[in-house]
Amino acid sequence: KQHFWSVRGPYVYTKLGKLGYQSVSQAVDACLKDSKCKGVTYIEDKKKHYLASSTELKIGPGKTYKKGSKAIVGDGYIWSKSASNIAIDGDYLDSSTHGSLTAALKACSKKSACSGVTRVSDDKYKLGKKKSTLKKANAIAYFRGNSVVTYRLQVWSVLSGYSLSSPTSTYKTM
């Protein structure tokens, strides 16, 4: 689905569509196809998800899913994708070039000084060292975000230095 989605509760969006979806994945798919959709709201008492045409929130019995920027999950990180014609500013991290996005993201994830990857042409990717951008024809920048772990089709952000103080459930691993 290639977008970040932030989840908040107990809130609902103020302007909702009339059609209710059974699952969040159905609602997210519909939202991505609708250019007017700003997010999704789950209404607890109706047990349905609704598309939102506004980002205005109010406290209510549910939760909101706000559509964010485009992203890729790979090599242990969330990578945010810029708009077209945007490159990472300044000199590149090193002189290496990579023939695919996958190879470039993998190389960047292994170098702590790498801020992200710029696609400079169809099959040429360079590693960046700054967080700022500039306009450049045909370029696309991919910035490294939080480190993540994927488990059972869910993406979990890794927050160093934090631990769950009182878990509500205990799980056995098999």
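Predicted model: local features only at pLDDT ≥ 70, side-chain atom pairs only at ≥ 80, totals over all residues.
A charge is said to sit over a ring if NZ of Lys or CZ of Arg is within 6 Å of the ring centre and within 35 degrees of the ring normal.

**Arg-8 and Tyr-11**

Select Arg-8 together with Tyr-11. Arg-8 is placed over the face of Tyr-11, and its distance from the ring centre is 4.7 Å.

**The whole chain**

Next, display the entire protein as a cartoon. Its secondary structure consists of two helices and 14 strands. The protein has 174 residues, of which 32% count as buried. Among the contacts between residues at least 6 apart in sequence, 67% join residues at least 24 apart.

**Helix α1**

Select residues 24-33, which form helix α1. Within this helix, Ala-27, Val-28, Ala-30 and Cys-31 are buried. When the view is turned to look down the axis of α1, these buried residues fall within an arc of 165 degrees, so they line one face of the helix.

Is Ser-54 buried or exposed? Its relative accessible area is 14%, and Ser-54 therefore counts as buried, the cut-off being under 20%. Show the surroundings of Ser-54: leaving aside neighbours within four places in sequence, it is in contact with Tyr-13, Thr-14, Lys-15 and Lys-38. A polar atom of the Ser-54 side chain lies 3.0 Å from the backbone nitrogen of Glu-56. For a distance between C-alpha atoms, select Ser-54 and Val-40: these residues are 14 apart along the chain, and their C-alpha atoms are separated by 9.9 Å.

**The largest nonpolar core**

Select Trp-79, Leu-101, Ala-104, Leu-105, Ala-107, Cys-108, Cys-114, Val-117, Tyr-125, Leu-127, Ile-140 and Tyr-142. These twelve residues make up the largest nonpolar core. At least two residues of this core come from each of α2, β11 (124-128) and β13 (140-151). Which element supplies the largest share? Helix α2 does, with five residues.

Not counting residues up to four places away in sequence, Cys-108 touches Trp-79, Cys-114, Ser-115, Gly-116, Val-117, Leu-127 and Arg-144. A second, separate core has ten residues, including Tyr-21, Ala-30, Leu-51 and Tyr-65.

Return to Trp-79, which is buried with a relative accessible area of 0%. How is a pair of aromatic rings described? The distance of the centres and the angle of the planes are used. The count of aromatic pairs comes to one. This pair is formed by Tyr-77 and Trp-79 and is edge-to-face, with 5.9 Å from centre to centre and 70 degrees between the planes.

**The loop with Gly-90**

The last stop is Gly-90, in the loop between β9 (86-88) and α2 (101-109). Gly-90 is partly exposed, and its relative accessible area is 32%. Apart from its neighbours within four places in sequence, Gly-90 is in contact with Lys-130 and Leu-134. Select Gly-90 and Lys-130 to finish: they are 40 residues apart along the chain, while 6.9 Å separates their C-alpha atoms.

Notes: Residues numbered from 1 in each chain as written. Heavy atoms only, no water. Helix = DSSP H or I, 4+ residues; strand = E, 2+ residues; numbered from the N terminus. Buried < 20%, exposed > 50% of the residue type's maximum accessible area, 1.4 Å probe, protein only. Contact = heavy atoms within 4.5 Å. Arc of directions from axis to C-beta. Polar contact = N/O pair within 3.5 Å; in protein donor to acceptor, adjacent residues only side chain to side chain. Core = buried A, V, L, I, M, F, W, Y, C linked by side-chain atoms within 4.5 Å. Phe/Tyr/Trp six-rings, centres within 6.5 Å; stacked < 30°, edge-to-face > 60°.
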